[in-house]
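Work through the exercises below with the model open beside you. Try each task before you read its solution.

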Amino acid sequence: MQNRLQNTRGSAPDTALSKQHIFLIGFMAVGKTTLAAELSSRLNRPRVDTDELVVQNAGMDIPNIFRHFGEAHFRRLEHSALAALAKATPSVVSCGGGIVLLPENVALMRSLGIVVRLTATAETIWKRSCESSDRPLLPASTGVERLASIKTMLAEREEQYRAAAELAITTDDRSAGDICAEILSRCTELTVQKASSSQLKA
Ligand SMILES: Nc1ncnc2c1ncn2[C@@H]1O[C@H](COP(=O)(O)OP(=O)(O)O)[C@@H](O)[C@H]1O
Ligand SMILES: O=C(O)C1=C[C@@H](OP(=O)(O)O)[C@@H](O)[C@H](O)C1
Ligand SMILES: [Mg+2]
């Protein structure tokens, strides 16, 4: 089970996939960080979380970065963390939910790997977001005010997530193992398609 891709589809596309980062994008609390850990152990490749890199580089947690320096500063740190991946070993990368807000981040992810969007309903996100309190863009209260804010932000960002992603995978009422299996089989299919269309062009 170390690498399902090698077992399912022959060697050429697997080799192509193994050279690329897999970027997980999507709204806060859809499960990007959780799924990246599971995927990286299935694929036996490194896991990187842009939020964790930002926190390490800033020496400060995310709520404090927002409080002391503001969102624009956080976005610059997030961009630098992402840009550093150009030189990294192909990894599974869980991105902060706002990574798609800068078009240069989207271009960078597309040039370095496969961009997979995880989705969930506002209600699922609301429930999952209540399990921690480190997301400064969500209202501190976990009541219906937070649900309303999630719905508004989801609508505002929908087009950016849609345009950035090459694949979209739902996570509602599903286990991490089940979602991972779908990510792996869909990434393999996409790699096969890309390899055949570039052969046709050659
Ligand atoms: N498939 C899932 N089913 C149930 N809970 C999940 C699932 N994936 C993640 N979670 C939980 O949801 C919360 C947010 O997950 P996280 O991975 O931090 O999301 P993100 O990185 O997208 O913000 C965590 O408490 C996590 O345990
Ligand atoms: O959507 C966003 O703008 C943010 C998402 C967070 O990451 P998660 O998506 O992992 O919660 C974190 O980067 C920051 O709080 C801002
Ligand atoms: Mg995360």
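A salt bridge is a side-chain nitrogen of Lys or Arg within 4 Å of a carboxyl oxygen of Asp or Glu. The model is predicted: local features need pLDDT of at least 70, side-chain atom pairs count only at pLDDT 80 or more, and totals for chains, interfaces and linings use all residues. Residues are numbered from 1 along each chain as its sequence is written, chains are lettered from A and ligands numbered from 1 in the order in which they are written, and side-chain values use heavy atoms, with hydrogens and water left out.

**Exercise 1. Salt bridges**

How many salt bridges does the structure hold? Then place the pair E71 and R75.

Solution. 
- Count first: there are eleven salt bridges.
- Side chains of opposite charge can pair when their charged atoms come close.
- E71 and R75 form such a bridge, at 2.9 Å from N to O.
- Both residues lie in helix α6 (residues 71-83), four residues apart, about one turn. Helices are DSSP runs of H or I with at least four residues, numbered from the N terminus.

**Exercise 2. Ligand 2**

Solution. 
- Look for polar contacts (here, pairs of N or O atoms within 3.5 Å). A polar side-chain atom of K32 is 2.7 Å from a ligand 2 oxygen. For D51 the side-chain distance to an oxygen is 2.6 Å. G97 uses a polar backbone atom, 2.9 Å from an oxygen.
- Check the cover: protein hides 96% of the 390 Å² of accessible area that ligand 2 has on its own. Areas follow the Shrake-Rupley method with a 1.4 Å probe.

**Exercise 3. Ligand 1**

Solution. 
- The K32 side chain has an N or O atom 2.8 Å from an oxygen of ligand 1. A backbone N or O atom of R174 lies 2.9 Å from a nitrogen of ligand 1.
- The protein covers 72% of the 560 Å² of accessible area that ligand 1 has on its own.

Conventions: A polar contact is a pair of N or O atoms within 3.5 Å; within protein, one must be able to donate a hydrogen and the other to accept it, and residues adjacent in sequence count only if both atoms are side-chain atoms. Helices (H or I, at least four residues) and strands (E, at least two) are DSSP runs, numbered from the N terminus.
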